[in-house]
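Take a look at the coordinates before reading the answers.

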There are 2 protein chains.
Amino acid sequence: MDQIARTTKDLGHVLRQTRKLQNLTQAELASRAGIWQRTVSNIETSASGAKVDTIFDLLAALDLELHIVPRSKIRPSDLEDIF
Amino acid sequence: MDQIARTTKDLGHVLRQTRKLQNLTQAELASRAGIWQRTVSNIETSASGAKVDTIFDLLAALDLELHIVPRSKIRPSDLEDIF
DNA sequence: ACTTCTTATGATCTATAGAGCATCATGCAT
DNA sequence: ATGCATGATGCTCTATAGATCATAAGAAGT
């Protein structure tokens, strides 16, 4: 059940989805990540092109990591998870 | 042989490594990604906290994608690939 | 209806990434 | 030793992310 991201919009979706799975509010997550609720909202809605460092802060707070892999042929089971 | 990144420094390493595997120069990659060689250099050396959009441009140019996954217990075979 | 929780968003300020020009240092050929 | 390819980096300018204050909008419960 990998989450795949090829765009910032994908990333925003994945982050929001994961946050909700962990029952965190934006404010809680922001606090954990040392950033602002405003910023979490912006990133989840792709309202701004975030900085990579901020993304890594969020990933760490959600206990996630990035795997960089060759683009895959479509695996339907994965794509379901994005939308 | 996943490449794992938890920091911008990791990301820089992975991008450089992948670029070299594909026998591309920074200038070629930059051209493909629609950015500047200067920027590629900065990102590979973590000389600046890049923007996510720029990273996605580079990933696309290298035919890579991000998989967002729960942090794994250390798998030595993977870590070797990073350094 | 009112309170509460949550997310979105307005405004201003500062820091900095990337564009755009460049040059320089290095290493590797020949 | 010299010429080329490659990557690093100096500088200025502009755009914009994030910090920091805030409020507003919406849903959900009582």
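Q: Which elements do the buried residues of α4(B) pack against?
A: This is a predicted model. The buried residues of α4(B) have partners in both chains. From chain B these are α1 (8–21), α2 (26–33), α3 and β2 (64–70). From chain A they are α1 (8–21) and α4 (52–61).

Q: How many of the 10 residues of helix α4 of chain B are buried?
A: Buried here means 20 or more other C-beta atoms within 10 Å of the residue's own. The buried set includes B:V52, B:I55, B:F56 and B:L59. Helix α4 (residues 52–61) is mostly covered, and its buried count is 7.

Q: Which residue just after α4(B) takes a positive phi?
A: The place to look is just after the helix. The phi there is about 60 degrees, and the residue is B:D63.

Q: What kind of axis relates the two copies?
A: Chain B superposes on chain A with RMSD 0.0 Å. The rotation is 180 degrees, with 0.0 Å of shift along its axis. The copies are thus related as by a two-fold rotation axis.

Q: Which residue of chain B comes closest to the rotation axis?
A: The distance is taken at C-alpha. At 2.1 Å, the closest residue of chain B is B:K51.

Key:
Residues numbered from 1 in each chain as written. Chains lettered and ligands numbered in written order. Predicted model: local features only at pLDDT ≥ 70, side-chain atom pairs only at ≥ 80, totals over all residues. Least-squares fit on C-alpha atoms with pLDDT ≥ 70 in both. Buried ≥ 20, exposed ≤ 12 C-beta atoms within 10 Å, placed from the backbone. Helix = DSSP H or I, 4+ residues; strand = E, 2+ residues; numbered from the N terminus. Contact = placed C-beta atoms within 7 Å.
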